[in-house]
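Okay, thanks for coming, everyone. Let me put the model up, and then I'll talk through the charged pairs and the core.

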Amino acid sequence: MVRMRFNAVPASVAALALILGGTTGVLGAAQSAYPRMAPLQQYLTPGGQAEVALARTAAPASLSAHATVLVLTRHGYQVAAKGSNGFTCLVERSWMKSFDDSEFWDWKMRAPTCFNPEAARTIVPYTIQRTNLALAGSTESEIFARIKAAVAAKQLPSPAPGAMSYMMSKQQDLTDAQGHWMPHLMWYAPKADTANDGANWGADLSGSPVLFDTAHRVNPEPWTLFFVPVSHWSDGSRAPQM
């Protein structure tokens, strides 16, 4: 796949921070348009097949058509289609954002994501856990504390080597300000202590397509994210230049 070239790395990094970081949320004690969880119905997609179709747009059909698909219900994520290639596709909701994001409870967010087998085993459990806590009525601070405790107690897995995911859906709606942003791939590496750890990936260097995620800094999950924007959406159409 052809990767997107950047004319100026500082601009691309700034765009990444804008799309993923938002403004300070509940844990940062700033005002938010979404101070608490909206009624559950607003996060649900009417008709399970509509969500299956949306989830599959996260990656090219050659991959997503053979993936297991999870859909969000009132009782959490449930398997709507069994796959054969080890990938898992689902549509994430806003409680998967960083805990200092002012749109943590944005009921409009839809983030179709397809996880490769390693990420399906070791990253998806966090999505399921956060979702179950949110649906049980936990506050943002309570979800943070419960995930942090589960990680400390080794009740949740560490990211497997090679864990990555696809977010190439033209229909993704990630933030109020930026909407679908760019199609991109994500890699999950053991948690980095400083931005300097991105140097091992060549992240944020002039001409490098790899972006070091500096937006998700208030998260208890044991990984750091690296992004690679790509030039086409999952349907093959060309994405706009950043």
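So, Arg 130 and Glu 221 are both buried, and in this predicted model they form a salt bridge, with the closest N and O atoms 2.9 Å apart. That pair links distant parts of the chain: Arg 130 sits in helix H5, while Glu 221 is in the loop between strand E7 (211-212) and E8, 91 residues apart.

How many salt bridges does the structure hold? There are 5. Another one joins Arg 93 to Glu 51, again with closest N and O atoms 2.9 Å apart. Arg 93 is in the loop between strand E3 (88-92) and E4, and Glu 51 is in helix H2, so this bridge ties together parts 42 residues apart in sequence. Arg 93 has a relative accessible area of 0%, so buried, and Glu 51 is buried too, at 1%.

Now look at Lys 170 and Asp 235, whose side chains meet in a salt bridge at 3.3 Å, N to O. Buried or exposed, then? Lys 170 is partly exposed, at 39% relative accessible area, and Asp 235 is exposed, at 53%. Then there's a network of salt bridges linking Asp 106, Lys 108 and Asp 176.

On to the nonpolar side. The largest core has 41 residues, and those with the most contacts inside it include Trp 95, Phe 115 and Tyr 188. Helix H5 supplies at least two residues of this core, as do helix H6 and strand E1, among others. Tyr 188 touches, among others, Phe 115, Ile 123 and Trp 223. There's also a second, separate core of 19 residues, including Val 52 and Leu 185.

Methods. Residues are numbered from 1 along each chain as its sequence is written. This is a predicted model: local features need pLDDT of at least 70, side-chain atom pairs count only at pLDDT 80 or more; totals for chains, interfaces and linings use all residues. Side-chain values use heavy atoms; hydrogens and water are left out. A nonpolar core is a set of buried Ala, Val, Leu, Ile, Met, Phe, Trp, Tyr and Cys residues joined through side-chain atoms within 4.5 Å. Buried means under 20% relative accessible area, exposed over 50%, partly exposed in between (1.4 Å probe, protein chains only). Helices (H or I, at least four residues) and strands (E, at least two) are DSSP runs, numbered from the N terminus. Contact means heavy atoms within 4.5 Å. A salt bridge is a side-chain nitrogen of Lys or Arg within 4 Å of a carboxyl oxygen of Asp or Glu. Lists of a residue's contacts leave out its neighbours within four places in sequence.
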